[in-house]
Amino acid sequence: MKIKSKIDIRALSSKELESFFLDIGEPLYRVKQVEKWLWQKGISSFDQMKNISKFTRKILEENFVINNIKVEYHQKSKDGTIKNSIRLFDGLKIESVLIPTENRITACISSQVGCSLDCKFCATSRLKRLRNLNPDEIFDQVLLINMQAKKYYNKSLTNIVFMGMGEPLMNYNNVVKAINKISAVDGLGISLKKITLSTSGIPKMIKKLADDKVKFQLAVSLHSARQSIREKIMPFTVNFPLNELKDSLEYWYSKTKKRVTYEYIIWKDINDKDEDIKSLVEFCSYIPSKVNFIEYNNIGSDDFLSVSYNKILSYQDALKRANITSTIRKSRGEDISAACGQLANNISRNSKY
Ligand code: SAH
């Protein structure tokens, strides 16, 4: 006899769970009870469902599994950033980061195991994309970091950024499903205004976000507004050129009326010339936007060198003259390789790859 593998109960919609309970003759209010255990308490076994009878728990156990993520270990940076090394049910690993600042606690979430893109300055691109994360695996990272925020900082999570491993728009459905659950009242109830999806810029999928009228924030990792340069540092953009990115962003704005944030790192001798600044100013004029300069976090490549702080300020001045807002994001958690672009499952240690 072939043994059917059990599915994760969290892959079921409320409707599907309802019909399961109807089939086994249970009242419908069980759905809400079970969902609360699954999505708010983050339990990892059916036995923990205290208000569900032993008999029903056994039926659930016979039919489903709960594949939640497991923190293998976490490291704390001297600036308070916490990096979690997470094991998935099939043995693969990802990382997620808690970043505390004065007024916020931000969760930096992964969307894929590894990444299929080839940004030369990002450590995650050295890992092959092994698979997409399921909605519940994305959700679990937020739940985990919310619990850590309470435990270590006595505060709730305030912001979520999809800036961990992977390209969220290459895992569109699961990311959107997870965000729906994260923001739902019967999930974590986190406002969509506080959730930012960061993409390297996949035009077709940006248009889809606009068509789906999503209410979360969009950030695009631009890094250069010159096609010839962008192609060198992000080779996959040969297939997703800037003119298509521009079209998709104009479409996004026409449908959502939401401003976009461009993430931008300035490197010595790569994008630090006047022409680079001019191109960025022009790109920013297409739709309402803001620029977030990110400090470069070293990933051990001689090809990429940070510029002086003054250089960032001169970029900022040029934007200001064109009435474009910009901010500078300080690097966090660099001492434990938890900063942007450094998530690589500690390649040298404990690695499966
Ligand atoms: N694939 C998505 C999300 C993951 S990367 C994206 O590209 O947006 C999250 C952010 O970290 C992006 O803005 C990315 O460009 C930036 N990043 C990558 N490597 C970095 C590095 N070494 N130093 C600083 N930021 C980096």
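Where does the ligand sit? In this model, which is predicted, the ligand sits in the largest cavity.

Let us turn to its surroundings. The ligand has 21 residues around it, and the closest are Phe121, Ser198, Ser221, His223 and Glu263. By residue class, this shell divides into nine nonpolar, nine polar and three charged residues.

In Ser198, one of the closest residues, a side-chain N or O atom is 2.6 Å from an oxygen atom of the ligand. At Gly166, a backbone N or O atom lies 3.1 Å from a ligand nitrogen atom. At Asn297, the corresponding distance, again from a backbone N or O atom to a nitrogen atom of the ligand, is 2.9 Å. How much of the ligand does the protein bury? Taken alone, the ligand exposes 530 Å², and the protein buries 97% of that.

Finally, I turn to salt bridges. A search of the whole structure gives 19 of them. One joins the side chains of Arg10 and Asp140, with an N to O distance of 2.7 Å. Arg10 belongs to the loop between strand S1 (7–8) and helix H1 (14–23), whereas Asp140 belongs to helix H4 (residues 135–153), so this pair ties together parts that are 130 residues apart in sequence.

Thank you for your attention.

How values were computed:
Residues are numbered from 1 along each chain as its sequence is written. This is a predicted model: local features need pLDDT of at least 70, side-chain atom pairs count only at pLDDT 80 or more; totals for chains, interfaces and linings use all residues. Side-chain values use heavy atoms; hydrogens and water are left out. A residue is near a molecule or strand if one of its heavy atoms lies within 4 Å of it. A polar contact is a pair of N or O atoms within 3.5 Å; within protein, one must be able to donate a hydrogen and the other to accept it, and residues adjacent in sequence count only if both atoms are side-chain atoms. Accessible areas come from the Shrake-Rupley method with a 1.4 Å probe; for residues, only the protein chains shown count as cover. On a 1 Å grid over the protein atoms alone, a cavity is a set of points where a 1.4 Å probe fits but cannot get out, and a pocket is an open set with protein on both sides within 12 Å along at least five of seven lines; lining residues have an atom within 4 Å of a point. A molecule sits in a cavity or pocket if more than half of its atoms lie within 2 Å of its grid points. Ala, Val, Leu, Ile, Met, Phe, Trp, Tyr, Cys and Pro count as nonpolar, Asp, Glu, Lys and Arg as charged, and the others, Gly among them, as polar. A salt bridge is a side-chain nitrogen of Lys or Arg within 4 Å of a carboxyl oxygen of Asp or Glu. Helices (H or I, at least four residues) and strands (E, at least two) are DSSP runs, numbered from the N terminus.
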